Amino acid sequence: MEQRLLQVALDTPLHTVFDYRWKASSPDEPLPAIGQLVVVPFGRREAVGVVVGQDAQTDLQADKIKDVIAVRHQLPPMSAHWLALCGFAADYYQRPLGEVMLPGLPKNLRALTTVALDKALKALGRLAPATKAKPRSRKKAAVAATVEEAIVDPVMADPSPDPLQLGAAPPLNPSQQQAVDAIAGAEGFAPLLLYGVTGSGKTEVYLQAAAAILRRAAEQASSSGSPEPGQSTPAPAQILVLVPEINLTPQLEGNIRARFPHLNVVALHSGLAEGERARNWLAAHLGQAHIVLGTRLAILSSLPSLKLIVIDEEHDPSYKQQEGLRYSARDLAVWRAHQLGIPVVLGSATPSLETWQHAQAGRYRRLELRQRAALQAVLPSVKVIDMERDKPVDGLTSTLIAAVRKRLEQGEQSLLFLNRRGYAPVLACDACGWISNCMRCDAFMVVHRPERRLRCHHCSLELHIPRACPTCGNVDLQPLGRGTQRVEEGLHGIFPEARILRIDADSTRLKGSAQSAFDSVHRGEVDILIGTQMVAKGHDFKKLTLVGVLNPDTALFSHDYRASERLFAQLMQVAGRAGRAGLSADGSSGEVLIQTRYPHHPLYQAVIRHDYDGFAGELLDERRQAHFPPFMYQALLRAEGRELEIAMGFLKDAASLLDAPAITINEPIPMTMMRVANVERAQLLIECPSRPTLQAFLKEWLALLRQMKTRARWSLEVDPVDI
DNA sequence: TGCACACCTTAA
DNA sequence: TAAGGTGTGCAA
């Protein structure tokens, strides 16, 4: 019987692939293809891995090599393109291949039994070969479903002669039409920045460009011969739409489904139940899904006929994975589009400086939408309220209170934005100076009044609110500062007749509660909405005409050089919630009021002018002079240990291990939030103006680092965002 | 002596 | 990373 060696990628931190022996179970069982999923013994466990090579040389002794346990023949192998994508990501982020390939697969595909997998395949009309049956030509069996068991694909079941028949689409304005034409008419790799103010109808551009690309692909497919009978036809084209967060997906998903009622639209995000996640992932992998709408993790999904990638709100920080493989879904999307030779659309009203710089340099094509799309809707007027002159009571200035009252009288909605959840950020004792420090972290414990608890937002330690000061016994403890809960309390006092709703991570902890909260705002059951950045994104509340920003100043003086870029984007985004549907009852446009102690700060002045271009230009000049990204490439080596010395010692040794021209190795520094959950952390920043030079250095350096003996836990992040 | 816990080794 | 083996200190 035939025996061959396979190289298999497994989800372990070891930077290698593993050799296994494969033996045919019957004379005609084919050698597992590259990209095939297999089950192998690993240590004392079994694990699912991906075949990444065949018959490579091995230095291992023959008796060390174990046999493959099972091959997932019922799944078509992952495509060469997907393998290349994972290979690139593994290389670029300096992680083992298996750690890129496997964690992104749905759990049901990584399970050691095939029960869930076969169930999902069956639901999709693709049947696993009967496991008990005598071996037969598996290739055929794996690809084609048997007639009586095939559940008809919903796409194929539709009697409509034209599956691309669209739902009603609003007419486009000229700049939207130009953008659609540019995307649909792009040939080969084309990165396009769709720069459009909030409410300018970017979604409509995505939808119509997608329609054009799907239609063209369908025409090409039908002119080049009909599919074999009995096989479910793979979609001639697939489109991937990335969105920042799960709670945005329902609305957009609804829009897409309504527009393409005859196409197979699937969602991919971490909030899905395992069964649905596996079905949707498989629909994408089998080419059945025409449109995949997902969060960052969807960028690593298998899409055999991908023809267009859209990244909505491309500047959003949630495209960056912040644990495990710390990838940027946006950057991987651009790489993927490049490798496939397809267009990638990056949409934003406030693009990331990286993207903006690419556009300025002509590497990305810029498409602009300067007007709001809805009839009569104009950009909201933005004003600052000087908190030195108009002293706030309960966090609200009299100007803002008057503006809210006016909306109440007009039957319109107001949104108050405060990016700080809880009741108060700290509890303090006036008598002895005690404050609510977390006992495990260098951070305050936040007062949560409804739950009557102190909570650390860094390590989630929870305590009862003490009735008296733990050091001096004083019973009069004062909450200092103001979070959303406290503002909500104050609002009830000021507007006893108003319907007030708070939306933040605390109020929406239960599954589905965020959606029902947003629904009730849409239905007009809320007069005043108070919330954190959760409310700033995506939602299109028709009756909302006033946005109040309560206390954004802290971000102005952050040590993080990206803080002002983020604050600007956040203010533009939350401001964009006002007046999207048209004019207010009194004929005015939407209004945005920002309470600040620094009314003349250039950032606020730029927001007032809606002047992203000017502000981004200034920030880019600063970055260029300071040698910061996007004019510098960075990597960050982090270390942690029980004592700070362990972490610092490791980083000092690491810093002197290797040097290279054009590489700057900075001094190791203890982290700002030094102690988190009783672990001391420190970090070391590496910089280089050339990306390839940095990559080459990291590769060599990490090989040395991995040989170092240390008690520190460490990890490297390429292109870090939080430094 | 038993055991909880920290730390180290190994994976093909 | 996960699982198992080894070594240490402590209560009884």
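Which residues in α12 meet which residues in α18? In this predicted model, local features are reported only at pLDDT of at least 70 and side-chain atom pairs only at pLDDT 80 or more, whereas totals for chains, interfaces and linings use all residues. Residues are numbered from 1 along each chain as its sequence is written, chains are lettered from A and ligands numbered from 1 in the order in which they are written, and side-chain values use heavy atoms, with hydrogens and water left out.

On the α12 side, Leu353, Trp356 and Gln357 meet Tyr612, Asp613, Ala616, Leu619, Leu620, Arg623 and Arg624 of α18, contact meaning heavy atoms within 4.5 Å. Helices (H or I, at least four residues) and strands (E, at least two) are DSSP runs numbered from the N terminus. The residues of this contact comprise six nonpolar, one polar and three charged; Ala, Val, Leu, Ile, Met, Phe, Trp, Tyr, Cys and Pro count as nonpolar, Asp, Glu, Lys and Arg as charged, and the others, Gly among them, as polar. Two packed helices are described by the angle between their axes and the distance between the axes. Helix α12 (residues 353–360) packs against helix α18 (residues 612–626) at an angle of about 95°, and their axes are 11 Å apart. Axes are lines fitted to C-alpha atoms, for helices over the stretch in contact, with angles running from 0 to 180 degrees between N-to-C directions. The helices α12 and α18 are therefore roughly perpendicular to each other, a description applied to angles of 65 to 115 degrees, while those under 35 count as roughly parallel, those over 145 as roughly antiparallel and the rest as oblique.

DNA strand B is surrounded by 13 residues, of which Asp19, Tyr20, Gly43, Leu60 and Lys66 are the closest; a residue is near a strand if one of its heavy atoms lies within 4 Å of it. Sugar or phosphate supplies 59% of the atoms of DNA strand B within 4 Å of the protein, and bases supply the rest. Polar contacts are pairs of N or O atoms within 3.5 Å; within protein, one must be able to donate a hydrogen and the other to accept it, and residues adjacent in sequence count only if both atoms are side-chain atoms. For Asp19, a backbone N or O atom lies 2.3 Å from a sugar or linking oxygen of DNA strand B. Two or more residues of this surface come from each of β2 (18–23) and β3 (37–42), and β2 gives the most, with three residues. Around DNA strand C are Pro13, Arg44, Arg45 and Arg713.

An unreviewed UniProt entry places the feature "binding site" at Cys429, Cys432, Cys469 and Cys472. These span 44 residues in sequence, yet no two of their C-alpha atoms are more than 8.7 Å apart, so they gather at one spot. UniProt positions follow the numbering used here, feature names are shortened, and annotations may be inferred rather than shown by experiment.

The peptide bond from Pro629 to Pro630 is cis, with omega near 5°, and Pro630 lies in the loop between α18 and β24 (633–641).
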